[in-house]
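I'll look things up one at a time and jot down what turns up.

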Amino acid sequence: MTKTSYPVVWDLDVFFKGGSESEELRRHLDETKEHLASFTEKLNQFKTPTSVNEASEVVNLIEEGSDISQKIRQAGAFISCLEAQNMSDHKASTLRSEVTELSASYGSLFNSFKQQLAQTDKNVWKGLLEHEELSELSFVLNEWRDAAQEQLSEDEESLISSLSVDGYHAWGQMYNTIVGDMTVNVTVDGEEKELSVGQANNLLSHENPDVRKQVYEKLEAAWKEKESLFANTLNHLAGFRLNVYKKRGWDNVLKEPLDINRMQQATLDAMWGAITKHKQPFVDFLYRKAELLGKDKLEWYDLGAPTQENSQKLSYDDGAQFILKHFEQFSPKMADFSKTAFKDAWIEAEDRPGKRPGGFCTGFPLSEQSRIFMTYSGSMSNVATLAHELGHAYHSFALKPVHPLNRRYAMNVAETASTFAEMIVADAAVKESKTTEDKIALLEDKLQRSVAFFMNIHSRFLFETRFYEERKKGFVPASRLNELTDEAQREAYCDAVNSTSPSYWSNKLHFHITGVPFYNFPYTFGYLFSLSIYAKALEEGTSYEDQYIELLQDTARMSVEDLAMKHLGEDITKESFWEKGIELCKKDVAEYLELTSK
Ligand SMILES: [Zn+2]
């Protein structure tokens, strides 16, 4: 086989040449601002429609608004990439503030348009939705109408939106700034290294327990040292959010995340209910893992550790080939798409200092391309992450024929395509393994994911709901945040771990993301939801791929309850639906326990 060599550094110049100093970006931002100004004048003239004849005016405003929104998101995606690839790119941070401001102005402007529109008389509204170009948007339009009716007055909402730039969102940015400056000194193989927290986090799955323990302790100490700063960022961010909810008369802190995820509380309850009932096999897995590591119980820093001497390292190119080969067996279209992503430098994978931790995928709507960010160090779990992010990118690709307003899928379904792609790769890795040791190692890797979604994410959900309840009563100090975290982790892991990570509330970026509240349960939702899709795909092979694409195309234009009913024939407000997905994971546990019984 001829060796292809894929680029490990992404190409951003295709969007705007010159990084944070880009003149093209400067022009784009200035033009977008001008466009926004002229659009503002148009919207100021807009009055609530009184007859169906005004439909085409509404269409034009929606199209123009969606155009501006895409321009802003194009710039925002570019700047996210700049910030991630080099955390000390201060020019990028300045640009970020500019785009945040632009986005907030657009948001509050468009929001007042939605509010005006929402006041349309019931019969006229019905007539509008029958208009040719509006009918395909009816789900989203009705969503706007419902949301507008639950918000404060137009003026109040626009004031909140403008104050959030230097309030709410600024706390999130402050968090990123502090984290970006943090470094940790660790000794690996006798060599002392200064690492970013992202690089240090990667070492938590190191095969040497001494390295893991050292990294864990150094990281905990580093977060501890800054805990009062982070208690401030988290409390003020949460306080801002809660105050807005209170003014709107929203009592339940989950209202907004559930609405955003187009999901009912009954669905969320059924999901956690099913998981809580079926934790025992995963507890058994954790105890077996401890045994294999020669311990009674796992420590926190053992959770990501391999029990096997897993020598399986894949070069970046081999990782790419592995992904492509297995995508091919489920969806040749997804494989083709991914090949383009590798070849055309859509992926930033290089292992170097100064990069932000973690991975993400972001879309450039004007170019109809995505970019994937991660740090690839050769482990199978890196390969899975890469597949995961490619799944996100493929989702955006599948949505290309759909109207831009019907592409704005929520996070719970956003994690569906990614998890589906990740599952293909993880399962294939297990099946293809040549030795029992490899098989155990890979099954373990797969089970780690179940543990992450059923236990780790559950602990985040438990922590966050409880923290927000306490925050309603006042400032929650770092010491209490540590306590709440410790409790949530012990509960979610059913006490199967000896130690916890009390600093988790500060080191998990997700608690500090302002764009999205409660970015935890959507992961678990996506995981179990995609397991059902995966089960179908396993039965039907590549003939399923078109149905899969149809499902993806519907992800942003109906509730998740309807989506599951239409494409899977399932009622997801029932625990029995969720149990099916968990059942597949339990099989992995059974296989693992059997293979490791000697
Ligand atoms: Zn994801």
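Predicted model: local features only at pLDDT ≥ 70, side-chain atom pairs only at ≥ 80, totals over all residues.

I began with R449, which has its place in helix α19; helices here are DSSP runs of H or I with at least four residues, numbered from the N terminus. Residues are numbered from 1 along each chain as its sequence is written, and side-chain values use heavy atoms, with hydrogens and water left out.

**R449**

Is R449 buried or exposed? I found it buried, because its relative accessibility is 12% (buried means under 20% relative accessible area, exposed over 50%, partly exposed in between, with a 1.4 Å probe and protein chains only). I then checked what R449 touches: A384, E422, A426 and Y527, leaving out residues up to four places away in sequence. Contact here means heavy atoms within 4.5 Å. With E422 there is also a side-chain to side-chain polar contact at 3.1 Å. For that term I noted a pair of N or O atoms within 3.5 Å; within protein, one must be able to donate a hydrogen and the other to accept it, and residues adjacent in sequence count only if both atoms are side-chain atoms.

**The largest cavity**

R449 came up again here, in the lining of the largest cavity, along with M380, A384, V425, A426, A429, L442, D445 and K446. I put down its volume as about 60 Å³. A cavity is a set of points on a 1 Å grid over the protein atoms alone where a 1.4 Å probe fits but cannot get out, and lining residues have an atom within 4 Å of a point. Grid points are joined across faces, edges and corners, and the volume is the space filled by probe spheres set on the points. Which helix gives the most to this lining? It is α19, with four residues, while α17, α18 and α19 each supply at least two.

**The second largest pocket**

Next I looked at the second largest pocket, about 220 Å³ in volume. A pocket is an open set of points with protein on both sides within 12 Å along at least five of seven lines. I found 15 lining residues, with D427, K446, Y534, L584 and D588 nearest the centre. Helix α25 gives the most to this lining, with five residues.

H388 in α17 (residues 380–398) and E415 in α18 (residues 411–432) are 27 residues apart, so the pair links distant parts of the chain. I noted H388 as buried at 10% relative accessible area, and E415 as buried at 2%.

**K255**

Last entry: K255, in helix α12 (residues 255–260). K255 is buried, with a relative accessible area of 18%. Its side chain makes a polar contact with that of D259 at 2.7 Å. Setting aside neighbours within four places in sequence, I found K255 in contact with E150 and W250.
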